[in-house]
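Subject: Structure for your files

Hello,

Here is the structure I said I would pass on. My notes follow below it.

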There are 2 protein chains.
Amino acid sequence: MSKVPIVENIMSANDQIAAKTRQQFDELGILALNVMASPGGGKTSVIMRTVESLKNEARIGVMDGDMVTIDADHIAELGVPVSLINTGGNCHLDANMVHSALPSLDLDAIDLLIIENVGNLICPAAFKLGVHLNVVIASVPEGDDKPYKYPAMFRGADVLLLNKIDLKPYLQFDVDYFQHGVEVLNPGLTFFQVSATTGEGFDAWLAWLRDKIKERSSAGQP
Amino acid sequence: MSKVPIVENIMSANDQIAAKTRQQFDELGILALNVMASPGGGKTSVIMRTVESLKNEARIGVMDGDMVTIDADHIAELGVPVSLINTGGNCHLDANMVHSALPSLDLDAIDLLIIENVGNLICPAAFKLGVHLNVVIASVPEGDDKPYKYPAMFRGADVLLLNKIDLKPYLQFDVDYFQHGVEVLNPGLTFFQVSATTGEGFDAWLAWLRDKIKERSSAGQP
């Protein structure tokens, strides 16, 4: 009786702002991604390779949610607009942080907005941001048991990248076991195996993402 | 005016319970560790190798904070008492969870209590549990920038293990850069480089831990 209603109110306030953000993206034909992973799972590296590969064919913007500015500095070097959301030590982005940061980007000049969430495999899963796709990145060194241990994150994913597959030869990682854990939580989830270091597997991921950008961009046409 | 006082109350309630727990450990001569890391950083593997190496010379108990029971099952196979704290999806342990779980272990028969926190490099840093030592595990595949990005966790560490050093040949990891980031936050922090897979570096960590157990155990003598 005491706590649940309060949490519900907070969540529904968050969801209302997320819905407003989503409407804005839809009207402008922007595809928005919320990229989530553990610390060191490879969010920044995956985003950087994705931006580098697509920036000549799509107008990309990045929002970087973090407690410091290291990643934003790296991504800014790629020559696309970057907006930094400093969470002030907070463990996740929420809808209000993202919505408040929208004016810092020229949304009319963006087809793909990539939002990098805080490195955390638990808390970000609970907060809608208003994006179209939750992109979850797991990485080989983290181990094949992660879907079993952090179910909410995998349940909420719209697409899953298994990163750092170049390290498979040096680690025990059972892809079938990993994928079975994902399948139970999120049947039929789109799943790519990639290495942001070597570029392996990126063609498939980029082709999929290109299609999503096109779909969104034509949906946004008046 | 609105939120800060509430947070302070919650924190001080947590700290009061932590102080009670700590007193109980001290009276019994138990050394208690709070082991924290990112998901997949190697908390369970480090704990398992530590337990295996020390269980014939010290009486060890483990508290496993997690959202499911996979780790506790593994550790229980080592033949030491294990207590599971299911956080119900919560992103960290707090003092009350640990204090409530104390009766599930025979504390009179324990010299070393290892508490495995939830895999999260942010939230657990904010909650005292009543332990003597915060053990932070970072791992090579996470990258050498982690102290710069997750400062609170490294600032609060009493000892730091850099795990998975067997993967150094396959990754770019600048130990000096990593250690400089740690040094700024936490000057003089005790730091071990280890591999829970190969056992490399464990001798130094175990020798250090043995000393701490002895100190605590003699401090607890009447």
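Leu160(A) has Phe191(A) as its bridge partner in strand 7 of chain A. Strand 7 and strand 6 (residues 159-163) of chain A run parallel and share four bridges. Two strands count as paired if DSSP finds at least two bridges between them; strands (E, at least two residues) and helices (H or I, at least four) are DSSP runs, numbered from the N terminus.

This is a predicted model, in which local features need pLDDT of at least 70 and side-chain atom pairs count only at pLDDT 80 or more, while totals for chains, interfaces and linings use all residues. Residues are numbered from 1 along each chain as its sequence is written, and chains are lettered from A and ligands numbered from 1 in the order in which they are written.

The sheet in chain A is open, with seven strands in the order 3-2-4-1-5-6-7 and parallel pairing. Its edges are strand 3 (82-86) and strand 7 (190-193), each of which pairs on one side only. From one strand to the next the twist averages 20°, taken between lines fitted to C-alpha atoms, with angles from 0 to 180 degrees between N-to-C directions.

The loop between strand 6 and helix 7 (175-185) of chain A holds Lys164(A). Its phi is near 65°, a positive value in a residue other than glycine. Most residues other than glycine have a negative phi. Lys164(A) counts as buried because it has 29 C-beta neighbours inside 10 Å; the cut-offs are 20 or more other C-beta atoms within 10 Å for buried, 12 or fewer for exposed, and partly exposed in between, with C-beta atoms placed from the backbone. In chain B, Lys164(B) also has a positive phi, of about 65°, and lies in the loop between strand 6 (159-163) and helix 7 (175-185) of that chain.

Helix 8 of chain A covers residues 202-219. Its buried residues are Trp205(A), Leu209(A) and Arg216(A). Strand 1 (31-37), strand 6 and strand 7 of chain A are among what covers them. Exposed residues on the other side of helix 8 include Asp203(A) and Ser218(A).

Finally, the interface: 27 residues of chain B are in contact with 27 residues of chain A, contact meaning C-beta atoms, placed from the backbone, within 7 Å. Helix 5 (residues 146-149) of chain B gives the most to chain B's side, with three residues.

Regards

Definitions and conventions:
Contact = placed C-beta atoms within 7 Å. Expected span 1.5 Å × (residues − 1).
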